[in-house]
Amino acid sequence: MTDHMDDRLDEEVRFHIEMQTEKNIRAGMPADEARRQALLRFGGRERWKSEARDEYKGSLFDGLRKDFVFAARSLRKHRGFSVTAILTLALGIGASTAIFSVVNAVLLRPLPYADADRLALIWGDMRARKVTDFPFSPGNYQDVRNQSATFKDIAAIAPFNGSIQVGGDPPEQTHNLGVTPNVLSVLGLRVLLGRDFEAGDATPPPAPPQAAPGQAAPQAPQAPPPPNIVILNHGFWQRRFGGDPRIVGKSIDMGGQPGIIIGVLRPGFEMLFPPNTNIESNPDMLIAMRVNFETASRLNVFMRLIGRLKPGVTLAAANQDVERIAADLKERFPIMKGADTHYRVELMHDDLVSDVRPAIFALMGAVSFVLLIACANVANLLLVRAAARERELAIRAAMGSSPWRIVRQLLSESLVLSLTSAVLALGLAYAGIKLLIALAPANLPRLDSVNIDPRVLVFATLAAIVAAALFGTVPALRAARPQLADVLRASGRTPGLGGGKLLRNGVVVAEVALSFVLLVGGGLMVRSFIELSRVRPGYDPTGVLTFQVGGRGGRSDDEVSGFQRRLGDRLRAIPGVAAATAVTPLPLDGTQFNSRWGKEDAVTDNTKFQQANVHVVLPGYFEAMGTRLIAGRTFTDADNRRDFMGVVIDDMLAAKAFPGESAVGKRLYARTREQEPEWLDIIGVVEHQRHEGLATPGRESIFLTDAFFGHGVAGTWALRLRCQPGEPCDPTRLASAARNVVSELDPKLAVSNLQPYTRLVDRAMTPTRFALVLIGVFAGVAAMLACVGLYGVLSTAVRQRTAEIGVRVAFGATRRSIFGLVVGDGMKLSALGLAVGLLTAFWLTRAMTTMLVGVRPTDATTYVTILALFLVIAVMACLIPARRAASLDPTNALRSD
Amino acid sequence: MGKNPAESRELLQGTLDMLVLKSLQLGPMHGWGITERIESGSRNVLELNQGSLYPALYRLEKQGFIQSAWRQTENNRRGRYYALTPAGRRRLAAERENWERLSGAVNLVLRMTEGA
């Protein structure tokens with residue numbers, strides 16, 4: 001169509017000039033003169049043609065389309081340049097798009113609930129014991145729900161593990177979510193099949209009070225418990241019941257207790273809670289908790305609260321509201337006053353991402369730097385290319401193309417470049433997202449929803465357009481205002497390369513600065529990762545296999561204890577097993593189990609209590625885990641009984657409770673198995689085990705025997721494989737033997753979470769590794785691009801100074817001094833860039849503080865190392881141009897201009 | 001091109017369109033023929049920058065006032081012939097009326113000055 005238009009115009013103009021020439025000849029002019037006069041009468045042919053074209057095309061859009069077609073043609077002609085530019089940009093845009101897709105899924109996309117921005121989480125903080133994000137007791141939940149004026153409604157949830165048995169299949173462990181009946185209405189969700197919960201579904205059984213879910217609790221043997229009222233999650237319904245449409249109303253065997261299925265959730269249900277709560281986001285089923293609010297202990301805390309704020313209520317007002325209720329509760333319950341309990345409301349989405357937000361922002365910043373550097377490189381390419389095209393453009397300007405047309409033409413080329421890159425970048429981003437998901441830490445909420453959606457597409461397009469503006473505008477404006485006379489007069493083979501030198505140098509300085517900042521970021525992450533790997537966590541995770549045994553191996557305490565002893569013996573009898581033990585919770589497994597402890601003064605003054613982690617263990621636990629005994633002794637089999645009041649504490653607790661003295665033989669006043677604290681005798685002190693995470697020591701710990709709580713509480717088994725030093729030590733080869741042992745002892749028991757312990761350690765390191773890998777890759781790419789940029793600028797400079805170098809050599813300059821001259825130029829640029837980068841890094845790396853482990857953002861070692869590393873990179877970039885300059889033959893060099 | 005082409009083009013533009021339409025009222029014609037018609041019609045008072053005709057032709061065609069097709073000329077060449085469309089006829093009438101009113105008004109003013 002366009003070509004057709006051009007042909008027609010060409011032919012018309014040719015025809016016109018021929019006719020005029022003939023007329024002139026008829027008037028008596030010689031042929032040459034006749035044609036010259038005809039051309040003169042016509043005026044600037046190019047200009048009229050292009051104006052006619054514009055008139056015909058009319059709208060700006062058509063004109064742009066033409067510009068694009070022309071740009072694409074011109075880019076195809078300079079393939080080397082185009083491929084380099086497109087790949088560079090695709091890398092920048094692709095990486096940015098991949099990271100943005102994470103920002104989009106985690107931070108931007110609303111949570112999968114109705115009016116999700118009105119949902120808020122409510123937490124308890126015990127300020128006197130430095131405990132935050134504490135759950136609620138049923139009574140406190142009910143008071144908050146009934147007395148709050150700012151919430152439309154508040155629901156409570158409590159996750160626990162259960163098991164079901166369908167037909168003749170072996171029992172299967174399930175992730176259950178205990179809920180109050182209003183949970184779906186608070187979240188604004190509806191069921192797919194059946195009905196929502198009703199108040200009646202949560203009617204408590206008449207007799208004994210509810211115990212904490214998930215923990216083995218003595219069950220009332222006399223009255224059969226009422227059935228669990230269950231709503232299945234969509235995925236579980238599909239997987240376990242084949243999507244049976246008539247499932248509603250059926251009853252199921254839930255580990256000896258009946259359950260009645262009343263509904264199925266719609267697909268996509270997620271229970272999103274901050275990662276430190278260890279709430280499975282995709283539970284198998286919801287179960288209406290049968291809690292007797294009248295009799296439940298105020299000291300038994302297990303409920304997590306989600307509320308829906310009334311319209312127009314601010315977060316501050318809601319906080320004031322719950323604090324008022326907390327103040328009232330503190331007056332009624334002295335223990336809460338002693339703990340200085342406060343209630344706090346957080347908007348659900350903000351709270352979910354608060355841990356990862358800094359890391360995501362840091363990554364987005366890092367990847368933006370990569371994109372900026374890519375733009376800088378392409379801008380430099382364009383500047384060099386524009387210099388080479390200056391004659392062409394000057395001639396076009398002289399032929400009547402307006403400056404605006406030339407700018408438009410060059411900008412179109414930039415846009416074609418960057419939009420082509422964007423298409424390629426989307427492919428890269430797609431692959432990148434797969435990689436990100438594989439690498440990402442578990443605490444990144446909604447990771448599975450990271451994908452390329454319309455918003456990500458818009459981002460990639462905008463990134464491409466902004467990039468085109470960044471790298472295209474300055475070269476285009478420069479090219480459109482050529483000093484016509486100068487350019488046309490210059491006869492050298494590299495006209496115009498002198499122009500824009502300052503600009504090109506500026507771009508390189510910026511590149512060096514940006515990539516230096518990224519390298520420092522990468523360096524800090526490397527240091528953090530090394531620090532993290534060096535941490536002695538208080539146990540030796542290598543060669544340990546862990547798994548959980550769901551359900552109780554008997555009814556009475558004696559039966560359970562007998563089962564545990566038999567299981568331990570059978571496990572230890574597996575060939576290759578050095579030790580077998582059980583614990584709850586296993587360090588690093590994400591479960592929180594903590595309690596208050598004090599000394600004599602706490603008996604009368606409840607503000608003296610502090611909080612510590614509690615671990616319930618079988619004798620032999622410390623030996624199996626490789627935890628060092630520091631003083632006293634560990635548990636023996638004889639200690640594993642209900643009336644043994646001995647306790648092992650870790651060195652952190654010992655130092656806190658009894659600074660400067662031996663803790664062994666002293667007493668602790670701690671709340672453990674009963675509602676009220678008991679006196680416990682310290683029999684031993686062991687090294688501290690890192691439980692909440694590897695990066696920080698975390699809270700102090702108290703260890704008690706399994707029997708002290710009632711047999712069977714310690715539910716996670718750990719098998720240590722006997723390993724020869726220097727040989728691979730893979731405990732997973734014990735897996736099937738362990739499974740067999742359990743099912744031989746009791747086929748009704750389900751084995752779950754069977755994995756090497758190193759996987760938990762690995763998981764604890766993922767956030768750091770994730771940031772390390774990403775920032776490291778970005779820094780590497782940035783350094784490479786900066787290196788290429790530096791090389792490009794120096795090469796151009798050498799080409800442009802060929803004559804000058806020739807003169808220098810002719811006047812006796814040595815090759816060495818020429819070499820030094822070029823390297824010196826490069827180093828000057830690098831030094832300037834590094835100075836800027838140093839200041840920027842100093843200022844920006846503070847944003848990384850929460851991601852660092854054992855290293856400060858201003859770590860001198862990192863800065864010095866990266867500085868040295870960068871100087872090496874810079875010298876490498878200078879070498880080739882410098883050698884070329886040094887090897888110039890003076891006679892040729894002088895002739896070149 | 002004059003010293004200030006933008007200005008002179010602006011002065012010409014509307015008028016040139018009208019002159020083109022008028023010259024095509026006499027019958028279909030190619031570009032060069034149109035310049036000839038205008039120049040001879042004005043007894044060579046109006047001397048066009050001939051190239052400027054083409055943007056005007058393309059504009060008018062785009063606006064639907066004229067249409068064009070390849071045709072043989074008298075001496076067996078291929079030329080692009082332009083012809084008025086019905087819309088172009090109406091446009092010419094309107095422009096002409098407008099022009100006459102305007103020039104009449106200008107004349108009035110000029111005469112008034114003379115008579116004073």
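**Exercise 1. The sheet of chain B**

Task: Work out the strand order of the open three-stranded sheet in chain B, and find which strands stand at its edges.

Solution. Step 1: in this predicted model, chain B has an open sheet of three strands, ordered β1-β3-β2 and paired antiparallel. Step 2: the edges belong to β1 (29-30) and β2 (66-72) of chain B; each has a single partner strand, so one side of each has no neighbour in the sheet. Step 3: look at one pairing in detail. β1(B) runs antiparallel to β3 (residues 78-84) of chain B, and two bridges hold this pairing. Here His30(B) has Tyr81(B) in β3(B) as its bridge partner.

**Exercise 2. Chain B as a whole**

Solution. Step 1: count the elements. Chain B has four helices and three strands. Of the 116 residues in chain B, 29% are buried. In α2(B), the buried residues are Gly31(B), Trp32(B), Gly33(B), Ile34(B) and Thr35(B). Arg43(B) follows α2(B) and has a positive phi, near 50 degrees. Step 5: turn to the contacts. Among those in chain B with a separation of 6 or more, 42% are between residues 24 or more positions apart.

**Exercise 3. Where the chains touch**

Task: Find which element of chain B gives the most residues to the side that touches chain A.

Solution. Chain B brings 16 residues to the contact, and chain A brings 17 residues. Step 2: list the elements of chain B that give two or more residues to its side: α2 (31-41), α3 (53-63) and β3. Step 3: pick out the main contributor, which is α3(B) with five residues. Step 4: sort the side of chain B by class. It has five nonpolar, seven polar and four charged residues.

**Exercise 4. The overall form of chain A**

Task: Decide whether chain A is a compact globule or more spread out than one.

Solution. Step 1: begin with the elements. Chain A has 28 helices and 22 strands. Step 2: compare the radius of gyration with the globule rule. Chain A has a radius of 37 Å, well over the 29 Å that the rule gives for 897 residues, so this chain is more spread out than a compact globule. Step 3: look at the extents. The C-alpha trace of chain A spans about 130 × 70 × 55 Å along its principal axes. Buried residues are 44% of the 897 in chain A. Of its contacts between residues at least 6 apart in sequence, 82% join residues at least 24 apart.

Step 1: check the confidence. Chain A has a mean pLDDT of 86, with 92% of its residues at 70 or more. Residues 209-220 of chain A have pLDDT below 50, and this stretch has 23 contacts in the model beyond near neighbours in sequence. The pLDDT is also below 50 over residues 488-497 of chain A, a stretch with 15 such contacts.

**Exercise 5. Backbone exceptions in chain A**

Task: Locate two non-glycine residues of chain A with positive phi, and a cis peptide bond.

Solution. Step 1: recall the background. Most residues other than glycine have a negative phi, and most peptide bonds are trans.

Step 1: start with Lys130(A), whose phi is near 55 degrees. Lys130(A) sits in the loop between β1 (119-126) and β2 (131-134) of chain A. These two strands form a hairpin with four residues between them, and Lys130(A) is in the turn. The strands run antiparallel and are joined by two bridges; Met126(A) has Val131(A) in β2(A) as its bridge partner. Lys130(A) counts as exposed because it has 10 C-beta neighbours inside 10 Å.

Step 2: go on to Asp340(A), which has a positive phi of about 55 degrees. This residue is in the loop between α10 (334-338) and β11 (341-347) of chain A. With 14 other C-beta atoms within 10 Å, Asp340(A) is partly exposed.

Step 3: finish with the peptide bond. The bond between Thr584(A) and Pro585(A) is cis, with omega about -10 degrees. Pro585(A) lies in the loop between β13 (577-584) and β14 (594-598) of chain A.

Methods: Residues are numbered from 1 along each chain as its sequence is written. Chains are lettered from A and ligands numbered from 1 in the order in which they are written. This is a predicted model: local features need pLDDT of at least 70, side-chain atom pairs count only at pLDDT 80 or more; totals for chains, interfaces and linings use all residues. A residue is buried if 20 or more other C-beta atoms lie within 10 Å of its own, exposed if 12 or fewer, and partly exposed in between; C-beta atoms are placed from the backbone. Two strands pair if DSSP finds at least two bridges between them. The radius of gyration is taken over C-alpha atoms; the globule rule is 2.2 Å times the number of residues to the power 0.38. Two residues are in contact if their C-beta atoms, placed from the backbone, lie within 7 Å. Ala, Val, Leu, Ile, Met, Phe, Trp, Tyr, Cys and Pro count as nonpolar, Asp, Glu, Lys and Arg as charged, and the others, Gly among them, as polar. pLDDT is the predictor's confidence in each residue, from 0 to 100.
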